[in-house]
Amino acid sequence: MSSQNTEILGTSDQDLRRAADLLKAGQLVSFPTETVYGLGADARNGEAVAAVYETKGRPSFNPLIAHVHSTQAAQELVQWNSVADRLAKAFWPGPLTLVLPLREGHGISGLVTAGLSTLAVRVPAQPTALRLLEHVGGPVAAPSANPSGRISPTSAAHVLAGLSGKITAVVDDGPCSVGVESTILGLAGPAPVLLRPGGLAAEEIETVLGRSLVQRDAADPLTAPGQLLSHYAPQASVRLNASKAREGELLLGFGPMNCDLSLSETGDLAQAAANLFDHLHRLDAKGCPIAVAPIPEHGLGVAINDRLRRAAAPRS
Ligand code: TXA
Ligand code: MG
């Protein structure tokens, strides 16, 4: 991979047109979404998508999410159904990704789907992301903009810390408001399956659908390709459900308690999600083992605990 000067772009129309032109020319451009910063590539350009895998050092069996600017644009790529319609009306634009069967003539590179017959699509809620996608006018494949296995980026500075010199540009629009990746729902089978807990609480989806979600089968790699256990990992070791720091540890707190850094002093799960990756980046920079306070396992806490368990898993 050649070393290059990574351009830092702002949110002016001129800068977003520049970012869109770079994407259309097959370059890699990182852009903000409400969840995390994505590493974007034209989803119809196989070489550009290959560069995403190469740049992240990502195993190529792990398929990517196609980002589009509207429900109508999604409908051109996948076989739409009534469940997708209800969810899109309720939650798009937003932190929800839907996995649906590909539609004929989709044009999506086989590297995006890693050869599957389904595609993960989402319409992000971040206004700059929507403007960029509109300028591009086609689907943009984007995993989180971090080297594979490392903490996800929630600011342009995080992106540059991992990928500076390896990507053409980053669009800087400040920190991400949600802070954990989108919730992924499989809609290609007989019942909706929660493939990844994320920035939209499963309870909210269940309320709209009037039914409970099927949990993914952890033993079946195809229902959750790429859900590697050790993931989102800081350099330092991570210990969960800690009420106090042990000698040498830094404590990441939640709720009222003594700690080095708090995800949310008031015990607010949305605030904790927004702070999660940033606080892990900050504690990790100090080079000490990290202890993390217990987080309640409901609402956004499910996604937070999922990411924390991966950060704490033994490294392969
Ligand atoms: O919030 C997000 O979703 C962020 C922002 C950038 O949009 N993106 C993101 O992408 O988290 P990534 O590549 O880190 O995670 C995508 C996940 C992977 O776990 C992958 O296995 C799953 O989506 N996925 C993609 N296509 C799939 C498919 N056809 N079937 C099942 N899972 C799929
Ligand atoms: Mg990721």
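1. Two strands count as paired if DSSP finds at least two bridges between them. Helices (H or I, at least four residues) and strands (E, at least two) are DSSP runs, numbered from the N terminus. On that basis, β5 and strand β6 (residues 118–122) pair in the antiparallel sense, over 4 bridges.

2. Ground rules. This is a predicted model: local features need pLDDT of at least 70, side-chain atom pairs count only at pLDDT 80 or more, and totals for chains, interfaces and linings use all residues. Residues are numbered from 1 along each chain as its sequence is written, chains are lettered from A and ligands numbered from 1 in the order in which they are written, and side-chain values use heavy atoms, with hydrogens and water left out.

3. V99 ties the picture together: its bridge partner in β9 is G186, and it stands opposite A120 in β6.

4. Now helix α4 (residues 82–91). Its buried residues are A84, L87, A88 and F91. They sit on the same side of α4 because they cover an arc of only 100 degrees around the axis, taken from the directions from the helix axis to the C-beta atoms. The face turned away from that side carries exposed S82 and K89.

5. At the start of α4, a side-chain oxygen of N81 comes to within 3.1 Å of the backbone nitrogen of V83.

Technical notes: Buried < 20%, exposed > 50% of the residue type's maximum accessible area, 1.4 Å probe, protein only. Polar contact = N/O pair within 3.5 Å; in protein donor to acceptor, adjacent residues only side chain to side chain.
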